[in-house]
Amino acid sequence: MKLLEMNGIQKAFGELEVLKDISLSVSTGEVVAIIGPSGSGKSTFLRCATLLETIDGGSITYLDQKTAWTENGIVRYADAQALRKIRGYFGLVFQNFNLFPHFSVLRNLTDAPVSVQKRDRAEVTELAMGLLKRMGLEGKEHAYPYQLSGGQQQRVAIARALALRPEILFFDEPTSALDPELTGEVLKVIRSLAEEHMTMVIVTHEMAFARAVADRVVFMDGGVIVEQGAPEQVLGNPTQERTRRFLERYSEQP
């Protein structure tokens with residue numbers, strides 16, 4: 001089943017065309033890794049998918065619900081009530097964690113499910129405690145973000161996204177702010193989610209991780225999808241010269 005369909009997405013900032021006619025669909029249970037050089041439009045694409053940026057053209061559909069579409073050259077979005085429901089379909093994990101610094105770890109997890117989704121506090125708290133245990137953060141529920149390592153903060157951010165019970169999780173370079181040791185902690189958590197067939201779209205610069213976890217790798221450059229396919233094909237035997245150059249340059253980096 002197609003959980004997300006994005007067709008002909010265009011986005012510009014002033015004169016700068018960041019996304020040029022990009023189309024991508026994600027099926028339930030699929031893990032899609034998006035790779036590419038800095039400035040290729042990866043993060044902007046994610047921000048459009050999660051409604052943090054408006055699109056200039058194209059269409060977005062979640063679970064057959066029209067989210068954004070272009071009509072007579074004008075982009076229209078679903079009404080506020082529909083968008084509120086659609087936002088409940090996805091969670092987003094940022095590269096810089098974006099935890100609320102004045103909230104405890106537990107409140108970071110429970111605030112949105114209780115105040116936005118209007119779920120029962122006791123049920124949400126029980127779920128949150130279970131998620132913290134799963135993330136290896138037992139006993140940290142009363143800590144504040146500044147008391148945690150970067151890896152712990154990112155695991156709290158993943159737990160917070162999961163507490164919303166999303167259909168799909170988006171990750172925007174979830175390990176780029178972490179040192180190698182902490183990176184391993186976070187990738188282990190994402191790998192476990194992949195094993196449970198959580199639908200995920202992961203913008204990453206971790207090529208070995210993309211190869212191991214993704215069902216499909218998408219290579220973006222210059223605001224377009226240059227190549228996509230199975231990890232062993234795109235990363236091991238790319239058909240496009242631009243993909244080959246990127247991977248060669250990437251492997252040369254220290």
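## A tour of strands and cores

You are looking at a predicted model, where local features need pLDDT of at least 70 and side-chain atom pairs count only at pLDDT 80 or more, while totals for chains, interfaces and linings use all residues. Residues are numbered from 1 along each chain as its sequence is written, and side-chain values use heavy atoms, without hydrogens and water.

Next, show β5 together with β6 (residues 74-77); four bridges join these antiparallel strands. Strands here are DSSP runs (E, at least two residues), as are helices (H or I, at least four), numbered from the N terminus; two strands pair if DSSP finds at least two bridges between them. Click on Asn72 in the loop between β5 and β6: its phi is positive, about 55 degrees, although Asn72 is not a glycine. At 77% relative accessibility, Asn72 counts as exposed (over 50%; buried is under 20%, partly exposed in between, with a 1.4 Å probe and protein chains only).

Last stop: select Ile158, Phe171 and Met200, the residues with the most contacts inside the largest nonpolar core, which has 47 residues. Such a core is a set of buried Ala, Val, Leu, Ile, Met, Phe, Trp, Tyr and Cys residues joined through side-chain atoms within 4.5 Å. Apart from it lies another core, of 33 residues, including Phe45 and Val218.
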